[in-house]
Amino acid sequence: MKSILIILLAAIAFLVILVEVGLRLLLGFGNPPLYIADEKIGYLLAPNQRLRRMGNCIEVNEYSMRGASVTAKRPPETLRVLLLGDSVANGGWWTDGEQTISYLLQEKLEPSQPGVEVLNASANSWSPRNELAYVQRFGLFEAQIVVLLINTDDLFGTAPTSLPVGRDRNYPQRKPKGAIAELYSRYFVKPQPVPGMDEVRAEGGDRVGYNLQAIEDIETIARSNGATLILAMTPLLREIGEPGSRDYELKARQRLKEFTSARSIPYIDFLPLFEGQTAPKTLYRDHIHLSPTGNQFVCDRLVTVISNQ
């Protein structure tokens, strides 16, 4: 009886080890992208990370950018493009490094512009005020072109906050105890509200105005450094066709259009461009984030605009 119990325990232990190793090697559980809190920016991806998640390679450099290591100074004879954005620009864990917009953009520009570098300073749920704070902290890395890629929701983004870091399971501050432990906590434990986040989300005042001001401040910094700002906005999937943009979104879109026109900022509104596609749903992986096809579409349009600057 004792020997049977030992064999049973050994089998269970072997099974647990097998599941743990499988989750780590095949899905990347136990090794999620980590975040760090920042008083001004709110949060950033922790620097110097390289991992594989759901089969996708994720590399974060020393400046918390998605991608390989870069120098603060631009190499001679190099066209440097700085891409600023949220999860659409970043790609998140669901996008392999070679399918991100920044990587595709660099590949597309290289044949006509040898020595091009596309830097990707972005993080999930950032909005213009986060991106402005990043630029104020780190600068433009001597980029000649700055691309600010936002989505419709970003026009209503709240002030930067570090509250989710280490409290929200989507913004872990340290590695979990194991792959099985992460799987359990992510899919079998009900997430708890982050104290203080309701107050952040309830921010009053003219949020659209605050974010337009942040965009203006980024453009001012770009211009003072001899760089050109290009602003691009992707729509939510429901804005394409029916039911279309909601009234408050239409008003915000009009304000943005008037804002960019008054300041002569090159602006790409992807809503009509997406609507012109025969199967716009193929451009998305969910209601907001783009598929590899969508990333390629955005990249191709950005290449055209960048080439004309």
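**Figure 1. Glu 219 and Arg 223 sit about one helical turn from each other in helix H7.** These two residues are four apart in H7 (residues 207-224), where helices are DSSP runs of H or I with at least four residues, strands are E runs of at least two, and both are numbered from the N terminus. Glu 219 is buried, with a relative accessible area of 13% (buried is under 20%, exposed over 50%, partly exposed in between, using a 1.4 Å probe and protein chains only). Please keep in mind that this is a predicted model, in which local features need pLDDT of at least 70, side-chain atom pairs count only at pLDDT 80 or more, and totals for chains, interfaces and linings use all residues. Residues are numbered from 1 along each chain as its sequence is written, and side-chain values use heavy atoms, with hydrogens and water left out.

**Figure 2. Arg 253 and Glu 239 form a salt bridge.** The N to O distance here is 3.1 Å. Arg 253 belongs to helix H8 (residues 247-262), while Glu 239 lies in the loop between S8 and H8, 14 residues apart. Arg 253 is buried at 8% relative accessible area, and Glu 239 is buried at 1%.

**Figure 3. Lys 73 and Glu 142 link distant parts of the chain.** In this salt bridge, the closest N and O atoms are 3.1 Å apart. Lys 73 comes from the loop between S4 and S5, and Glu 142 from the loop between helix H4 (128-138) and S7, 69 residues apart. Lys 73 is exposed, with a relative accessible area of 58%, whereas Glu 142 is partly exposed at 35%.

**Figure 4. Strands S3 and S4 make a hairpin with two residues between them.** Strand S3 (residues 49-53) and strand S4 (residues 56-60) pair in the antiparallel sense over five bridges; pairing calls for at least two DSSP bridges between two strands. Arg 50 stands opposite Glu 59 in S4. In the turn, look for Met 54, which has a positive phi of about 50°.

**Figure 5. Five strands build an open, parallel sheet.** Their order is S6-S5-S7-S8-S9, with S6 (117-122) and S9 (267-269) at the edges, each pairing on one side only. Seven bridges join S7 (residues 145-151) to S8 (residues 228-234).

Key:
Salt bridge = Lys/Arg side-chain N within 4 Å of Asp/Glu carboxyl O.
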